[in-house]
Amino acid sequence: MEKQLKAIIFDLDGVITDTAEYHFLAWQTLSEELGIPFTRQFNEELKGISRMESLEKILALSRKQNEFTEKEKENLAARKNSLYCRLIEKITPKDILPGISEFIAASKLHNIKIGLASVSKNAFTVMRRLELLNEFDTIVDAKTIKNGKPDPEIFMRAAEQLGVNPVNCIGIEDAEAGVTAIKAAGMFAVGIGDQQRLAQADLIYHVTTELRFDEILNAFVKKLNQ
Ligand code: B16
Ligand code: MG
């Protein structure tokens, strides 16, 4: 197998832009309406987790998961999404996290394909507002996959759509579930965030400004040749 980097697959929320804050605010409002205490710390556990799974986890906080019918849960999830959609109306290209545009440019300079793997059903809207839709060679969002992260499906699908073998890919994630998904897909994982939480990743940076194409490429080649 060719030991070469061919594609980089990015997570959206927490890597390309910080919509995690908007998810937090929307879930916080919904939780207040339901009388469920919801903290920033708990919000960390929802990163990379689908809308419905997130709702189940929030309801479970106050043992309320059996108090609602499926239809009512769908309505609660829709309420959270309408709060979230109102918040993301404000997004502009200025909301691209620092260092990301430069990192994408460096990757392209090296003829590396660029993909997006986001479990958000709003991924296309967010990418359009960031004016990044045309920068990516492929985008996989929640609408086209059966299993969310930590299942590897979304990263595997992105690689498939790019026509690249997963071993020739790097995945970049801020969520623990996302790093697990990248590793399960057989890719090299770059984590953005807490060293302990993302310990499974092959390389970890605290923030996006620290991303260095050459450094990541070297670590990838080293690992592939081990
Ligand atoms: P939506 P990612 C994920 O996006 C978020 O991290 C997670 O917090 C959110 O619940 C999920 O998208 C679903 O989002 O409600 O818009 O479908 O990190 O995979 O880009
Ligand atoms: Mg994320």
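How do the residues of the lining of the second largest pocket divide into nonpolar, polar and charged? The legends below take up this point, among others, for a predicted model.

**View 1. The lining of the second largest pocket in the predicted model, by residue class.** The lining comprises 6 nonpolar, 5 polar and 7 charged residues, and the pocket that they surround has a volume of about 270 Å³. Of the 18 residues that line the second largest pocket, G14, D18, A20, K47 and D174 are the closest to its centre. Helix 1 and helix 2 (40-43) are the elements that give two or more residues to this lining, and the largest share, 3 residues, comes from helix 1.

**View 2. The largest pocket and the residues closest to its centre.** This pocket has a volume of about 570 Å³, and among the 34 residues that line it, those closest to the centre are I49, S50, R51, V119 and S120. Two or more residues of the lining are given by each of helix 1 (20-34), helix 3 (51-61) and helix 4 (70-88). By class, the lining of the largest pocket divides into 11 nonpolar, 12 polar and 11 charged residues.

**View 3. The cysteines C85 and C169.** C85 is partly exposed, with a relative accessible area of 26%, whereas C169 has a relative accessibility of 0% and therefore counts as buried, the cut-off for that class being under 20%. With a disulfide taken as a pair of cysteine sulfur atoms within 2.5 Å, the count for the model comes to 0 disulfides.

Terms used
Residues are numbered from 1 along each chain as its sequence is written. Chains are lettered from A and ligands numbered from 1 in the order in which they are written. This is a predicted model: local features need pLDDT of at least 70, side-chain atom pairs count only at pLDDT 80 or more; totals for chains, interfaces and linings use all residues. Side-chain values use heavy atoms; hydrogens and water are left out. On a 1 Å grid over the protein atoms alone, a cavity is a set of points where a 1.4 Å probe fits but cannot get out, and a pocket is an open set with protein on both sides within 12 Å along at least five of seven lines; lining residues have an atom within 4 Å of a point. Grid points are joined across faces, edges and corners, and a volume is the space filled by probe spheres set on the points. Helices (H or I, at least four residues) and strands (E, at least two) are DSSP runs, numbered from the N terminus. Ala, Val, Leu, Ile, Met, Phe, Trp, Tyr, Cys and Pro count as nonpolar, Asp, Glu, Lys and Arg as charged, and the others, Gly among them, as polar. Buried means under 20% relative accessible area, exposed over 50%, partly exposed in between (1.4 Å probe, protein chains only).
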